Amino acid sequence: YRKRNQKVAISELQVQSALSEIIDPNTGKDYVTSREVGEIKINSNNVSLEIVLSYPAKSLFENIRSQVIEKLRMIPDIGEIEVTISSKIISRATKPGVQHIPEVKNIIAVASGKGGVGKSATAVNLALALAYEGASVGILDADIYGPSQPQMLGVSGRPESKDGKHMEPLEAHGIQIISIGLLVDIETPMVWRGPMVTQALQQLLNDTRWRDIDYLIVDMPPGTGDIQLTLAQKVPVTGAVIVTTPQDIALLDARKGLKMFEKVGIPIIGIVENMSTHICSKCGFSEHIFGEGGGAKMCKDYDVEFLGALPLDIKIREQTDSGIPTVIADPEGNIAQIYRGVARRAAAKVAELSKDHSSSFPDIVIQNT
């Protein structure tokens, strides 16, 4: 029998057991299983530990810390608790034979089978949401025929070149951006054939001096033709996000876009359903004018992640047209929070992919001696 008021020393196993009962909503796994628990230190029953997330989630750090402390307090005789939350984003593997982009860890293609589904608005808000959560983000406007990211981000002017070979990306709202729209006059049509478009995109990607990018968002041109297929094969894409609307016609084309990425061996990170409901700007009434549940059904059919549903709201259009997208214009609003949820889930899915071990192996050089 222990003496009255004598504390029993707690063990690391007790701490691990408590942490294994806390489920991360973005991964669906507990912190122990997902290997996000750092070093655990126990000193006189005082506990300090670190949770290292594999995706950016700065806005959730305090909630996670409170959740962990509350759970650990259930351990008998535990003393003071110190919990540190951080994120560590690493490179994920891409298909072999595609050249890696220096200073870019992960490339996420945002695509759609057809135009008019809000793909570019989703891409820019996804990029800004990842940056809001603490990641270093860039956006590449790959829509050569209809570049829209410069206007959506409110940037203009031509990129500089310090060495005469590489372009410096412009910056807007904390993210790096490059687009053909920054290199040509706004009214100049790009009357180019497919090979020229492909070459232009590769130059924008490879000749830009990106700076320490965790996620490079590529706003892909709509469709599934030769240009899109070539881009998917020649760009080291980590994974793809498919944007659709609930209506049957849009879903038909979105399915084609999904199958295109599958054919070239690029993982599908998930699906975003845009214009899911229409919100009346006068009374706030919400209705499913384009149908209901189409994106979720597509996810079930192809066993992919449903990242989130966004409303058809006039504010999204007004804010992107003005160069201050929703995540920046109204960061605490409901729509911005949906975008941030989509960003966290997408990044968590990327973190589940295989690690890129290419930098772990030295270059092999054969010499005559």
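## Basis of the model

The model is predicted, so local features need pLDDT of at least 70 and side-chain atom pairs count only at pLDDT 80 or more, while totals for chains, interfaces and linings use all residues. Residues are numbered from 1 along each chain as its sequence is written, and side-chain values use heavy atoms, with hydrogens and water left out.

## Overall fold

The protein chain holds 11 helices and 13 strands. These are DSSP runs, numbered from the N terminus: helices are H or I with at least four residues, strands are E with at least two. The C-alpha atoms fill a box of roughly 85 × 80 × 40 Å along the principal axes.

Contact means heavy atoms within 4.5 Å. Among contacts between residues at least 6 apart in sequence, 75% join residues at least 24 apart.

## Surface and charge

Buried residues make up 48% of the 369 residues. Buried means under 20% relative accessible area, exposed over 50%, and partly exposed in between (1.4 Å probe, protein chains only). The accessible surface comes to about 18,700 Å². Carbon and sulfur atoms account for 49% of that surface. Areas come from the Shrake-Rupley method with a 1.4 Å probe; for residues, only the protein chains shown count as cover.

The chain carries 38 positive and 44 negative charges, and their mean positions are 4 Å apart. Lys and Arg count as positive, Asp and Glu as negative; His and the chain ends are not counted. Each charge is placed at NZ of Lys, CZ of Arg, CG of Asp or CD of Glu.

## Nonpolar cores

A nonpolar core is a set of buried Ala, Val, Leu, Ile, Met, Phe, Trp, Tyr and Cys residues joined through side-chain atoms within 4.5 Å. The largest core has 68 residues, and Leu-49 and Ile-217 touch the most other members. Helix H3 (residues 119–132) supplies the largest share of this core, 9 residues. A second, separate core has 41 residues, including Ile-101, Ala-142, Met-190 and Ile-242.

Beyond four places in sequence, the contacts of Leu-49 include Val-15, Leu-19, Ile-40, Val-68 and Leu-72. Glu-39, Glu-82 and Thr-84 are also among them.

Ile-64 sits in helix H2 (residues 61–72). Its relative accessibility is 6%, so Ile-64 counts as buried. Leaving aside neighbours within four places in sequence, Ile-64 contacts Tyr-31, Leu-53 and Ile-85.

Val-32 belongs to the loop between helix H1 (12–19) and strand E1 (37–43). Val-32 is partly exposed at 28% relative accessible area. Not counting residues up to four places away in sequence, Val-32 touches Gln-16, Leu-19, Ser-20 and Val-37.

## Positive phi

Most residues other than glycine have a negative phi. Arg-35 has a positive phi, near 55 degrees. Arg-35 lies in the loop between H1 and E1, and counts as exposed at 78% relative accessibility.

Met-275 also has a positive phi, near 55 degrees. Met-275 lies in the loop between strand E10 (268–273) and strand E11 (278–279). With a relative accessible area of 16%, Met-275 is buried.
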